[in-house]
Amino acid sequence: MAKSKKSAKAKSKAPAKKPVRKVVKLAAKSTSKNTIKSAGKAASKSAKSAKSAKPAKSAKKANGNGAYPKPVAKPFGEAGKALEGVRILDFTHVQSGPTCTQLLAWFGADVIKVERPGVGDITRGQLVDVKGADSLYFTMLNHNKRSITIDSKHPQGKRVLDELIKKCDVLVENFAPGALDRMGLTWDYIHKVNPRMIVASVKGFGPGPYEDCKVYENVAQCTGGSASTTGFRDGLPLVTGAQIGDSGTGLHLALGIVTALFQRNRTGRGQRVLCAMQDGVLNLCRVKLRDQQRLKAGPLTEYSQYGEGIPFGDATPRAGNDSGGGQPGRILKCKGWEDDPNAYIYFITQAPVWQAICDVIGEPGWKTDPDFATPKARLPRLNQIFERIEEWTKTKTKFEAMDILNQYDIPCGPILSMKELAEDESLRKTGTVVEVDHPTRGKYLTVGNPIKLSDSITEVKRSPLLGEHTDEILTDVLGFKAKDVAEIKNSGALSAPEKEEKAA
Ligand code: COA
């Protein structure tokens, strides 16, 4: 991010300046190798510091609130992965389920993706950008997994699945309601074959009137309260770009699975984990249900419509770009907005830094003016206030504005485009943006593991080709002898049905 030349001017005016923060410049090249290396470096650095700092006597005896093993002596990042030893039967497809199992794979679980012979996960062939190669839709959601093709409705396919159920800890699926049962894989059946198995599902809705419905991302956004509260008051309900229905529910499910694994340590038995997409979205819209209840006590004063004198209805309204937490904020134009659709900054008028804001934008009189001096007085005047702040932001690029505002701890954020994020050097360094090589599509960018564990470092490995690991899973994981492998293969349970020859 560029440093402002004009920041000196603002500095001389405003009080309580903080030392200038180091701002990371955008646009640099890096590879997944670099990412892994730097993550490794960070790990061994923290390992060294952990080694050099001798624990106090009392710390040596500390054991949390349970009987934990002695802390391993290996350096951080070299004691294996967090979920090493956990094996997942991954029956997921499209986005929600694969998001969950990809996370588990990044944490070290052995994720075996079961795919329909010949076709695989439908996303392999959706939104294709490189002819003949798996799509980015698929590759970006299925890193670090192995792939086996099985026709789950074929008797020999059932035989293989039964073995997988015995050898795995968790079955994860996001089929349409009833599809797993129709394969004969009911909870009762699975629990009988392997009482330790955790069966984790994403469905569109929980039990109730819509439980049988098929659901995709935007349906969940609409039925979970996101769409009715997103957008501008006088416009249509809007869906967001963030995949809160699919990826959001996948995240919820991953937590459910890890929690169930933890409980299994005590009980020895598996359980069912269900995440409904509607529930996941509503959970993420929690603050909007809060506002729904606040309506009884009067207008929502931090919403722009309050200052505009527009009455509230009986449901939480759409609030445009207002911020929700009682700290009024807006998206404001920055220098270049006429040509650049992302030349904007989010600006929050947080109460503790109001004085600094007044100085930075050149309105020192607002610090003591009773119409502006207190948060309550400002609420009905938010449009006037943000118009004045925008006069100032329009004279700066979004990065210049960020640099200046950060010096005074004024919360703000430039609107970053996907292009800018893809080129952001700091995100490459942390492994949040990773370049991966793939045998049929070449190099591509992906989002790495956003959850960083200091003792379980994520290495992002490319997604599997369809059925790439069928043989090794049959023999190494399931222990089938060559004769059995041949029998299963010859039955057609692992291969696509041959296309009927066209009549001459
Ligand atoms: N071998 C044989 N059959 C297989 C198979 C395999 N390896 N894998 C899947 N199938 C079959 C299923 O058994 C099902 O058959 P059936 O309905 O005849 O019993 C069929 O493939 C289709 O599965 P389904 O899940 O219904 O896929 P769909 O493409 O029709 O629907 C969704 C897709 C996403 C709408 C649906 O799966 C769903 O609602 N999932 C739950 C919510 C969810 O996760 N949505 C978000 C997705 S990102």
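Colleague: How many residues apart are Arg388 and Glu391 in helix α16?
Modeller: Arg388 and Glu391 sit 3 residues apart in helix α16 (residues 382-393), which means that about one helical turn separates them. Helices here are DSSP runs of H or I with at least four residues, strands are runs of E with at least two, and both are numbered from the N terminus. In general, an α-helix has 3.6 residues a turn, so residues three or four places apart point the same way.

Colleague: And what are we looking at, before I go on?
Modeller: This is a predicted model, in which local features need pLDDT of at least 70 and side-chain atom pairs count only at pLDDT 80 or more, whereas totals for chains, interfaces and linings use all residues. Residues are numbered from 1 along each chain as its sequence is written, and side-chain values use heavy atoms, with hydrogens and water left out.

Colleague: Back to that pair, what do Arg388 and Glu391 form?
Modeller: They form a salt bridge, with their closest N and O atoms 3.5 Å apart; the term stands for a side-chain nitrogen of Lys or Arg within 4 Å of a carboxyl oxygen of Asp or Glu. Arg388 is buried at a relative accessible area of 17%, whereas Glu391 is exposed at 52%. Buried means under 20% relative accessible area, exposed means over 50%, and partly exposed is in between, with a 1.4 Å probe and protein chains only.

Colleague: How many salt bridges does the count come to?
Modeller: The count comes to 29 salt bridges. One of them joins the side chains of Lys203 and Glu173, at 2.8 Å from N to O. Because Lys203 lies in strand β5 (residues 198-203) and Glu173 in strand β4 (residues 170-173), this pair ties together parts that are 30 residues apart in sequence.

Colleague: Are Lys203 and Glu173 buried or exposed?
Modeller: Both Lys203 and Glu173 are buried. For a pair with other values, take Arg462 and Glu468, whose closest N and O atoms are 2.7 Å apart in a salt bridge: Arg462 is partly exposed at 26% relative accessibility, and Glu468 is partly exposed at 33%. Elsewhere, salt bridges that share partners link Arg87, Asp110, Arg146 and Glu472 into one network.

Colleague: Switching to helices, why is α17 largely enclosed by the rest of the structure?
Modeller: Helix α17 (residues 398-407) has 10 of its 10 residues buried, so the rest of the structure largely encloses it. The buried residues include Phe399, Met402, Ile404 and Leu405, and also Lys398, Glu400 and Asp403. Just after α17, Asp409 takes a positive phi of about 60 degrees.

Colleague: How many residues of α4 are buried?
Modeller: In helix α4 (residues 96-106), 11 of 11 residues are buried, so to speak a mostly covered helix, and among them are Pro98, Cys100, Leu103 and Trp106. Gly108 follows α4 with a positive phi near 110 degrees.

Colleague: How many disulfides does a search find?
Modeller: A search of the whole structure finds 0 disulfides, a disulfide being a pair of cysteine sulfur atoms within 2.5 Å. Cys168 is buried at 3% relative accessible area, and Cys285 is buried at 9%.

Colleague: Last topic, which residues form the nonpolar patch on the surface?
Modeller: Leu251, Ile451 and Leu453 form it, with about 220 Å² of accessible area together, where areas come from the Shrake-Rupley method with a 1.4 Å probe and, for residues, only the protein chains shown count as cover. Patches take residues with over 30% relative accessible area and no salt bridge, joining like charges within 9 Å and nonpolar side chains (Val, Leu, Ile, Met, Phe, Trp, Tyr) within 5 Å. Leu251 lies in helix α10 (residues 246-267) and is partly exposed at 42%.
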